[in-house]
Amino acid sequence: MTTTNREDNEARSNMVVSDDHLMCAFQKGDESAFRRLLERYQDRIVNYVLRIVNDYDTASDIAQEVFIRVYTNAGRYLPGSRFAPWLYRIASNLAINELRRRKRWRFFSLNDPGDDDERSYKLELPDESTPSPEDTVEKRETSEQIEAALSKIPLKYRTPLVLREIEGYDYEEISQILDIPRGTVKSRLNRGRSLLKTALFRMEAAAKAAGPLAEVE
Amino acid sequence: MNCNQVKENLSTFLDDELDPSQSAAIKAHLIRCADCRRERDKLELIGTRLRSIPPVTAPRDFEFQIYSRIRDKSDTRTAPGKFTWTKALVPMAAMIVGLLMSPSLFNNGSPARIAANADIVQQTDFSELPPIVENMDEIVEYKFDGYSCLRTTMTSTQPHNDTRRTGSNPSFQRTGNVNRAGTHYVMDAVPVRTSYEKIIY
């Protein structure tokens with residue numbers, strides 16, 4: 001059984017200081033509290049943004065900016081509220097802005113066809129210097145397939161899907177993070193899953209069709 | 001509930017976000033409808049596959065980069081008359097448009113060429129270094145035909161795995177098209193205890 005990032009994190013955090021406590025400590029000037037929050041969430045935020053922008057370097061840059069915003073706007077955090085949705089809301093806004101910026105830039109760019117968040121997908125090439133063992137090849141292909149399919153569905157469906165399925169947030173929290181009504185969360189998740197299912201089906205059908213041909217070649 | 005109603009609510013049912021009466025109605029329907037069960041299984045599989053995507057980790061110098069950028073921002077705010085991106089936005093936009101008109105832009109990544117034509121716009125002295133870096137000169141930001149690049153010389157005790165921003169990677173021609181370098185200080189791959197000079201786009 002696979003678990004969401006949130007479940008993993010909560011299991012680890014059960015015996016440790018709460019995010020809210022750390023954030024309040026940071027508001028009072030405890031720099032180490034910020035470092036602990038950073039340590040706790042940096043991988044999760046990089047992963048979340050990566051699912052939105054489909055590029056590791058960009059995701060890392062945006063994730064850095066997310067924590068810089070937390071650092072510089074710590075005063076805006078309301079003690080007693082939940083830290084993670086606040087953090088994810090900052091990440092969502094920055095990642096969506098980045099995609100909008102890319103679209104604007106593509107309008108001017110002569111050389112770069114760019115990567116449309118709704119049309120295309122830049123598959124990460126495996127690192128040739130570190131070949132994977134054969135027994136992981138199939139798993140990697142499956143994972144690349146779902147990542148590629150996910151990147152093909154429109155952003156407004158992809159973001160709630162990632163928040164629900166990978167990050168483990170409930171509808172109310174997704175509604176807060178994305179600033180959309182709960183009913184919209186429900187309909188977008190429904191539509192997102194349907195689109196993802198179709199995208200996966202098409203990719204798998206295409207892979208099967210290419211199989212015998214590849215063997216002949 | 002009929003099949004259409006069930007399929008419309010299946011996603012919410014799987015998320016356990018339906019009210020108990022609707023949830024019970026769907027459960028009852030699923031017991032007797034193989035078609036809807038197949039649909040449920042497909043949606044469940046999608047969730048399982050999404051959660052099985054291998055996670056990535058943040059770059060090793062993630063925290064260092066954050067503090068560098070925070071320090072830069074605070075330096076920029078406190079130094080009157082210092083270079084800021086907002087002040088430079090209009091001329092930069094004009095330069096970038098001009099740059100796009102020049103196909104030669106995308107073939108001139110050599111450090112020497114950039115150094116010869118560049119103006120220094122900002123110099124940043126790092127008092128704190130990440131553990132892998134033994135010493136590092138100040139990071140100098142150059143302006144070059146509407147581009148910016150950062151240059152530093154450093155000695156590292158360990159190789160670093162992020163080489164994606166190097167001039168030898170053809171992808172810099174794509175990533176270099178928008179100037180965001182002012183906030184990026186990326187430590188590139190270096191062999192053990194080897195001094196090197198690097199242009200960072």
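How far apart are the end C-alpha atoms of helix α7 (residues 155-166) of chain A, and what span should its 12 residues have at 1.5 Å a residue? The legends below take up this helix and then other close-up views. The model is predicted, with local features needing pLDDT of at least 70, side-chain atom pairs counting only at pLDDT 80 or more, and totals for chains, interfaces and linings using all residues. Residues are numbered from 1 along each chain as its sequence is written, chains are lettered from A and ligands numbered from 1 in the order in which they are written, and side-chain values use heavy atoms, leaving out hydrogens and water.

**View 1. Helix α7 of chain A is largely enclosed by the rest of the structure, because 11 of its 12 residues are buried.** The end C-alpha atoms of α7(A) are 15 Å apart, which agrees with the 16 Å that its 12 residues should span; the expected span is 1.5 Å times one less than the number of residues. Helices (H or I, at least four residues) and strands (E, at least two) are DSSP runs, numbered from the N terminus. Buried means under 20% relative accessible area, exposed over 50% and partly exposed in between, with a 1.4 Å probe and protein chains only. Among the buried residues of α7(A) are Tyr157(A), Arg158(A), Pro160(A), Arg164(A) and Glu165(A). Just after the helix, look for Gly168(A), which takes a positive phi of about 80 degrees.

**View 2. Helices α2 (residues 19-27) and α3 (residues 31-53) of chain A pack at an angle of about 145 degrees, with axes 7 Å apart.** Axes are lines fitted to C-alpha atoms, for helices over the stretch in contact, and angles run from 0 to 180 degrees between N-to-C directions. Contributors to the contact (heavy atoms within 4.5 Å) include Leu22(A), Met23(A) and Phe26(A) of α2(A), and Phe34(A), Leu37(A) and Tyr41(A) of α3(A). The contact residues divide into eight nonpolar, no polar and four charged. Here Ala, Val, Leu, Ile, Met, Phe, Trp, Tyr, Cys and Pro count as nonpolar, Asp, Glu, Lys and Arg as charged, and the others, Gly among them, as polar.

**View 3. Phe26(A), Phe34(A), Tyr71(A) and Tyr67(B) are linked into a cluster by ring pairs.** Rings of Phe, Tyr and Trp (its six-membered ring) pair if their centres lie within 6.5 Å; planes under 30 degrees apart count as stacked, over 60 as edge-to-face and the rest as tilted. Over all chains, the count comes to 12 aromatic pairs. Phe34(A) and Tyr67(B) form an edge-to-face pair, because their centres are 6.1 Å apart and their planes at 90 degrees. Phe34(A) lies in helix α3 of chain A and Tyr67(B) in helix α4 (residues 62-78) of chain B, so this pair joins two chains. Both Phe34(A) and Tyr67(B) are buried.

**View 4. Gln145(A) lies in helix α6 (residues 134-152) of chain A.** At 19% relative accessibility, Gln145(A) counts as buried. Leaving aside neighbours within four places in sequence, Gln145(A) is in contact with Leu200(A), Met203(A), Glu204(A), Ala207(A) and, from chain B, Arg49(B).

**View 5. Helix α3 (residues 34-51) of chain B has end C-alpha atoms 26 Å apart, which agrees with the 26 Å that its 18 residues should span.** Buried residues of α3(B) include Cys36(B), Glu39(B), Leu43(B) and Arg49(B).
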